[in-house]
Amino acid sequence: MNLPFSRIAFRPIISTLFRQKYAMTMLFLQIALTLAVISNGLFIISQRLDILQRPSGIDESNIFVLTSSGFTENFNPKTSMQTDLAELRQMPNIINAVATYSFPFSGSGDWDELQTLAGSDQNTVPAASYKLDENGIDALGLSLLAGENFTASEVLWQTEDNKTFPSVAIITTSVATDLFNTTDWASVVGKSIYINDIHSVVVKGIVLQLQAPWDPVEQIENSIIYPRVVTRNSARYLIRAKPSMLQETIADVEQYLGMSNQQRMIRKVESIKTIRKQVYGPDIAAITILLVVITALSIISAMGIAGMASFNVIKRHKQIGIRRALGANKVDILSHFFVENIIQTTGGIFIGCIFALGLNVFLVAQYALPKLPLTYIFIGIFCLYLLGILATLKPALKAMNISPAEATRSQ
């Protein structure tokens, strides 16, 4: 039994296609450009989605922040902060609260260089630094895997001019791994590390994860926490509410803080989820734009393929009828147009692979993007073959249903 594709003469098909040089060239370039954009676009989208979906280590769903700014000469920042925090921690819908200027997505903070040996250039690990009191771990919802939390006596309340450094610190598992090359967290507790080649601190505890306030390349999981509170006229409070009580708690806290001290104003009340959306707004916009571009190019390519197939059906109306009269069945005609499409798509894909790699080389050089994995080119190739078959289907079905008598009479 002969299969439909076994009765197809490939050489005449190729010869016929290449007699339409201009149309075929344009279709090849269209398919090639689509493949280049699809493969690189999907790769960039995949990277952006990884960024959007990565966990920060904190209880994002139940945390909000606000700023308390004193504006009178008699305003006492330290007293105000201590009073506010003590009252906030007593409110029924609040798990805990802390004063901090840095938190994931805040975009503000310091960057320290950590070492296991002072004065050594080897094994220097950069890390974002956080300043929290003994309630900070609970307020952020961090998971303490080893060691202990800070005690109240270890916390340094300082002005901006006070440079006294604490004697202990808590680090993330990422920092512990980079510094000591181990996943035995308990063995790291109690060891000394050096900060910026000047200060020595003892690792008191290790938390599972705490992202940096910004997005340093490949180092966002590196963070270190010091038992420090810096007092300024403008304080930032991070407050963790009980589950499902966030909006109610925000309203209660705004009302309480607004009435409790007339020497300051409350502003910038935002949930962590809102701040996260603001920070990742450019990534969401990039994903949306790329999806629109990929969709538009795919539609244009599909229209080009369908247009070429429809033109060939009209042009070969008589030829199709003669083939049917000589014994070709409907499946033969259908197979013929699908083979034409596969040949066209393959030619465009060959050029498109070169375009895709060239575009990635440009993106790597100009924007420091990673090299394009071949997986995304294969995904693009599969999409284009599927797109081509779907675009050819309607014209091919029309050709398949041309009767021999109608075709010969119409010419």
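**View A. β10 in the lining of the largest pocket.** β10 supplies the largest share of the lining of the largest pocket, 4 residues. This is a predicted model; local features need pLDDT of at least 70, side-chain atom pairs count only at pLDDT 80 or more, and totals for chains, interfaces and linings use all residues. Residues are numbered from 1 along each chain as its sequence is written, and side-chain values use heavy atoms, with hydrogens and water left out. The pocket holds about 510 Å³ of space. β3 (110-115), β4 (125-132) and β10 (223-230) are the elements giving two or more residues to its lining. Strands are DSSP E runs of at least two residues, helices H or I runs of at least four, numbered from the N terminus. A pocket is an open set of points on a 1 Å grid over the protein atoms alone, with protein on both sides within 12 Å along at least five of seven lines; a cavity is a set where a 1.4 Å probe fits but cannot get out; lining residues have an atom within 4 Å of a point. Points are joined across faces, edges and corners, and volume is the space filled by probe spheres set on them.

**View B. Centre of the largest pocket.** Of 26 lining residues, Asp110, Lys131, Arg228, Val230 and Arg232 lie nearest the centre. The lining divides into 9 nonpolar, 9 polar and 8 charged residues. Asp, Glu, Lys and Arg count as charged; Ala, Val, Leu, Ile, Met, Phe, Trp, Tyr, Cys and Pro as nonpolar; the others, Gly among them, as polar.

**View C. The largest cavity.** The structure holds 2 cavities of 30 Å³ or more. The largest has about 60 Å³ of space. Arg316, Gln319, Ile320, Arg323, Ile333, His336 and Phe337 line it. α10 (317-325) and α11 (330-367) each give two or more of these residues. The lining splits into 3 nonpolar, 2 polar and 2 charged.

**View D. The second largest cavity.** About 50 Å³ of space lies here. Its lining includes Ile305, Met308, Asn312, Phe337, Glu340 and Thr392. α9 (281-315) and α11 each supply at least two lining residues. The count is 4 nonpolar, 4 polar and 1 charged.

**View E. The largest nonpolar core.** This core (buried Ala, Val, Leu, Ile, Met, Phe, Trp, Tyr and Cys joined through side-chain atoms within 4.5 Å; buried means under 20% relative accessible area, 1.4 Å probe, protein chains only) has 23 residues. Ile58, Leu140 and Ile272 are among those with the most contacts inside it. α4 (136-140) is one of the elements giving two or more residues. α4 gives the most, 3 residues. Ile58 touches Ile63, Pro104, Leu140, Leu142, Leu210 and Ile272, leaving out residues up to four places away in sequence; contact means heavy atoms within 4.5 Å.

Definitions and conventions:
Buried < 20%, exposed > 50% of the residue type's maximum accessible area, 1.4 Å probe, protein only.
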